[in-house]
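Visitor: I have a few quick things to ask about this one, if you have a moment. Could we go through it together?

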Amino acid sequence: MKVIITKNYDEMSKVAAWEVAKLIKEKPDCILGLATGSTPEGMYSNLVLMNRVGQIDFSKVTSFNLDEYRGLKGDHPQSYRYFMDNKLFNHVNINKNNTFVPSGVAEDIQKECIEYDERIRNAGGIDLQVLGIGGNGHIGFNEPDSFLHMGTHLTPLTKETIEANARFFENEDEVPKEAITMGLGSIMKARKILLLANGKKKASIISKLVDGKIDTEIPASILQVHNNVIVVVDEDAAAELNLNITTNVEIVK
Ligand code: GLP
């Protein structure tokens with residue numbers, strides 16, 4: 001695991017965008033795994049700019065998003081499909097038919113989950129998976145539990161996650177109580193993983209992710225056994241890292 005500490009959110013977003021851009025230049029028909037949340041917004045803005053000035057071309061890129069709220073249609077402003085359209089897809093030259101987000105309103109959820117994993121497999125697997133991290137260690141919507149899920153699945157959201165995400169909704173009651181998410185198996189199969197975190201609120205979970213024990217109650221800790229992970233954090237999110245025992249840390253100033 002390589003940890004890059006940047007001085008602030010803007011630098012974190014630029015470093016992350018460069019990682020994605022580098023892949024698109026090397027492999028124009030790459031498969032991206034994408035994430036929502038406030039953390040990657042700056043990265044998406046940078047990618048939009050790079051596309052606008054002709055530095056990167058999304059025309060052959062395929063993307064798979066991590067998750068979607070159960071019950072929200074793609075035109076709901078808090079759905080993750082809506083987020084992706086508005087933050088990235090509507091502003092770059094990606095073919096929307098090649099952008100996939102699990103359907104939150106599929107009648108047969110089991111089928112939707114199986115087909116989502118099949119689609120990823122048939123596309124050749126994910127080259128680069130972008131991740132944020134929940135304060136409780138969730139990635140996608142893989143919540144703390146006594147066991148881990150391999151494939152895409154329907155999951156109840158924890159009280160902590162519902163509270164954390166209530167800021168995007170009118171009130172807490174409006175937050176869906178379930179979501180469809182790629183499983184940790186799907187995430188771990190990605191050839192490279194890029195996890196972003198910023199702000200003091202993420203400092204504790206970032207130190208657990210990097211230095212803590214691997215524990216199903218901290219789903220992101222499983223990333224310690226993946227052989228190609230880059231964690232990009234700002235100084236606030238890096239505040240609790242023990243730099244003496246954390247190996248492979250690069251500080252970008
Ligand atoms: C959500 C998403 C995650 C995201 C996390 C953190 O619940 N399902 O993919 O990483 O919250 O969000 P934020 O970046 O807003 O802190």
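Visitor: Let's start with S221: does S221 count as buried or exposed, and why?
Guide: Bear in mind that this is a predicted model. In it, S221 counts as buried because its relative accessibility is 0%, and the cut-off for that class is under 20%.

Visitor: Where in the fold is S221?
Guide: S221 belongs to the loop that runs between helix 7 (203-211) and strand 10 (229-234).

Visitor: And what does the side chain of S221 reach?
Guide: The side chain of S221 reaches the backbone oxygen of I218, with a distance of 2.7 Å.

Visitor: OK, switching to the ligand. How many residues surround the ligand, and which are the closest?
Guide: The ligand is surrounded by 13 residues, and the closest of these are S38, T39, D67, R167 and K202. Sorted by class, that shell is made up of seven polar, three charged and three nonpolar residues.

Visitor: Which atoms of S38 and D67 are involved, then?
Guide: For S38, an N or O atom in the side chain is 2.7 Å from an oxygen atom of the ligand, whereas for D67 a polar side-chain atom lies 2.8 Å from a nitrogen atom of the ligand.

Visitor: What about the backbone of I133?
Guide: A backbone N or O atom of I133 lies 3.3 Å from an oxygen atom of the ligand. As for cover, the ligand taken alone exposes 390 Å², and the protein buries 94% of that area.

Visitor: Which pocket is the ligand's space?
Guide: The space that the ligand takes is the largest pocket.

Visitor: What lies 2.8 Å from a polar atom of the N142 side chain?
Guide: That is the backbone oxygen of M182, which lies 2.8 Å from a polar atom in the side chain of N142.

Visitor: Last one, A17. Which helix is A17 in, and is A17 buried or exposed?
Guide: A17 is found in helix 1, which covers residues 9-26, and A17 counts as buried because its relative accessibility is 0%.

Visitor: How far apart are A17 and P40?
Guide: In sequence, A17 and P40 are 23 residues apart, and in space their C-alpha atoms are 9.2 Å apart.

How values were computed:
Residues numbered from 1 in each chain as written. Predicted model: local features only at pLDDT ≥ 70, side-chain atom pairs only at ≥ 80, totals over all residues. Heavy atoms only, no water. Near = heavy atom within 4 Å. Polar contact = N/O pair within 3.5 Å; in protein donor to acceptor, adjacent residues only side chain to side chain. Areas by Shrake-Rupley, 256 points an atom, 1.4 Å probe, with all protein chains shown as cover. 1 Å grid on protein atoms, 1.4 Å probe; cavity = no way out; pocket = protein on both sides within 12 Å on 5 of 7 lines; lining within 4 Å. Sits in = over half its atoms within 2 Å of the grid points. Nonpolar A, V, L, I, M, F, W, Y, C, P; charged D, E, K, R; others polar. Helix = DSSP H or I, 4+ residues; strand = E, 2+ residues; numbered from the N terminus. Buried < 20%, exposed > 50% of the residue type's maximum accessible area, 1.4 Å probe, protein only.
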